Amino acid sequence: MTQLTNTIPAADYAIVGGSATSNCRLPEDAQVPGVRVVEPELFFETPYGVTTAFKLLEFDAAYTADGQTHRALAVRMHGWRKGFNWATSQGPLQVFWVLKQAGVRKIAGNAGVGGINKMLQGGDIVVADDYLDFTQQRPSSLDERWPNSVSMVEPYCPTGRKILIDRAEREFRRVQHTGIMGCSTGPYIESPAHVAFMRQAGADLVAQSTVPEINFAREIGACYAGIYLVVNPAGYVADPETRQKMYQNYKKAAPGVAKVILNTMLNWRVDEPCACQERTRPIMMPYAEEELS
Ligand SMILES: [Zn+2]
């Protein structure tokens with residue numbers, strides 16, 4: 001049943017879907033035991049407009065690492081929608097506003113990415129450990145009053161990454177344990193010169209969604225981890241042969257990526273101490289501490 005509501009359900013986990021899972025139904029096609037759909041289609045009113053559809057999922061206590069029942073909110077394609085240029089980030093603003101109200105503490109993101117590092121092949125999985133922001137004019141915070149100097153040491157949750165790597169290695173042939181995500185604005189695909197520039201700057205892969213998601217996650221005090229599917233060499237989407245291979249990579253990998261994400265959630269303990277939460281506190285700004293308290 002389709003529902004538009006102001007009431008946001010409590011949820012410990014969130015799956016912010018991207019193109020690596022867009023070619024499958026999540027969770028249905030992943031067929032992970034212990035995961036059920038509670039609400040198939042929920043739309044929420046937010047200060048940034050009405051969201052795209054969310055699913056509300058439930059994880060059976062018999063399958064979770066802590067033996068408790070948990071709920072998760074899942075949204076497709078970063079909350080982007082037709083008719084809006086994603087560079088304005090209206091979708092992610094809506095999505096993360098909802099996740100904040102829901103009290104979400106663990107978030108898994110994903111994307112189909114271009115490989116900048118020449119060691120990467122189509123079909124590779126990368127569990128990134130850092131990121132570079134090449135975007136322009138995207139909001140840097142949900143709340144404009146959010147103070148300066150929030151630490152981005154270990155921007156991807158180390159615990160979430162460990163579980164993602166472990167689960168990905170059960171599903172995929174090649175899993176890269178590190179990698180620097182370079183995020184560009186889009187909608188344009190990077191020019192060859194820009195790819196060369198990003199490579200020199202240290203980026204291994206490129207997508208258009210990591211910023212602002214990774215920043216918003218830290219702002220709302222949630223752990224964030226990302227799993228990325230390499231679908232093509234960066235910058236070569238226009239070539240017909242590459243486009244065909246890209247499509248095949250997306251289609252083939254989607255249910256496997258969804259399975260890895262769901263199994264990660266089942267094994268990612270909400271109450272386990274994690275450094276991410278401490279890092280949401282602003283540093284070197286005493287006045288900011290007062291404002292937040
Ligand atoms: Zn964490």
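Colleague: What is the geometry of the site of the zinc ion, and what angles are found among its four donor atoms?

Modeller: A word on the basis comes before the site itself. This is a predicted model, in which local features need pLDDT of at least 70 and side-chain atom pairs count only at pLDDT 80 or more, while totals for chains, interfaces and linings use all residues. Residues are numbered from 1 along each chain as its sequence is written, and side-chain values use heavy atoms, with hydrogens and water left out.

The site of the zinc ion is tetrahedral, with angles of 104 to 112° among its four donor atoms. Four donors count as tetrahedral if all angles lie between 85 and 135 degrees, and the ideal angle for four tetrahedral donors is 109.5 degrees. The protein donors are the SG atoms of C157, C223, C274 and C276, which lie 2.1 to 2.3 Å from the zinc ion. Donors here are N, O and S atoms within 2.8 Å of the metal (3.2 Å for Na, K and Ca), and because water is not among the atoms, sites may look incomplete.

Along the sequence, the donor residues follow the spacing C-x65-C-x50-C-x1-C. Helices (H or I, at least four residues) and strands (E, at least two) are DSSP runs, numbered from the N terminus. Both C223 and C274 are buried, where buried means under 20% relative accessible area, exposed over 50% and partly exposed in between, with a 1.4 Å probe and protein chains only.

A search of the whole structure finds six aromatic pairs; rings of Phe, Tyr and Trp (its six-membered ring) pair if their centres lie within 6.5 Å, and planes under 30 degrees apart count as stacked, over 60 as edge-to-face and the rest as tilted. One of these pairs is F96 with F216, whose ring centres are 5.8 Å apart and whose planes stand at 65°, so the pair is edge-to-face. This pair also links distant parts of the chain, since F96 belongs to helix α1 (residues 90-102) and F216 to helix α4 (residues 210-219), 120 residues apart. F96 counts as buried because its relative accessibility is 0%, and F216 counts as buried at 0% as well.

Y156 and Y228 form an edge-to-face aromatic pair, with 6.3 Å from centre to centre and 75° between the planes. Y156 lies in the loop between β9 (130-133) and α2 (158-168), whereas Y228 is in strand β13, 72 residues apart, so that this pair too links distant parts of the chain. Y156 counts as buried because its relative accessibility is 1%, and Y228 counts as buried at 1%. Y156, Y224 and Y228 form one aromatic cluster.

Helix α1, which carries F96, has 13 residues and reaches 19 Å from its first C-alpha to its last, close to the 18 Å expected at 1.5 Å a residue; the expected span is 1.5 Å times one less than the number of residues. Among the buried residues of α1 are G91, L93, V95, F96 and L99. The helix is followed by G103, whose phi is positive, near 75°.

The nonpolar interior gives a wider view. A nonpolar core is a set of buried Ala, Val, Leu, Ile, Met, Phe, Trp, Tyr and Cys residues joined through side-chain atoms within 4.5 Å. The largest such core has 43 residues, and those with the most contacts inside it are L57, F59, I125 and L262. The elements that give two or more residues to this core include β13 and α2, and α5 gives the most, with eleven residues. L262 touches I15, L26, P27, A30, V32, V35, L57 and F59, not counting residues up to four places away in sequence, where contact means heavy atoms within 4.5 Å.

Q137 has a positive phi of about 60° although it is not a glycine, and it counts as exposed because its relative accessibility is 80%.

Note on methods
Four donors count as tetrahedral if all angles lie between 85 and 135 degrees; four count as square planar and six as octahedral if opposite donors are over 155 degrees apart and all others between 65 and 115; anything else is irregular.
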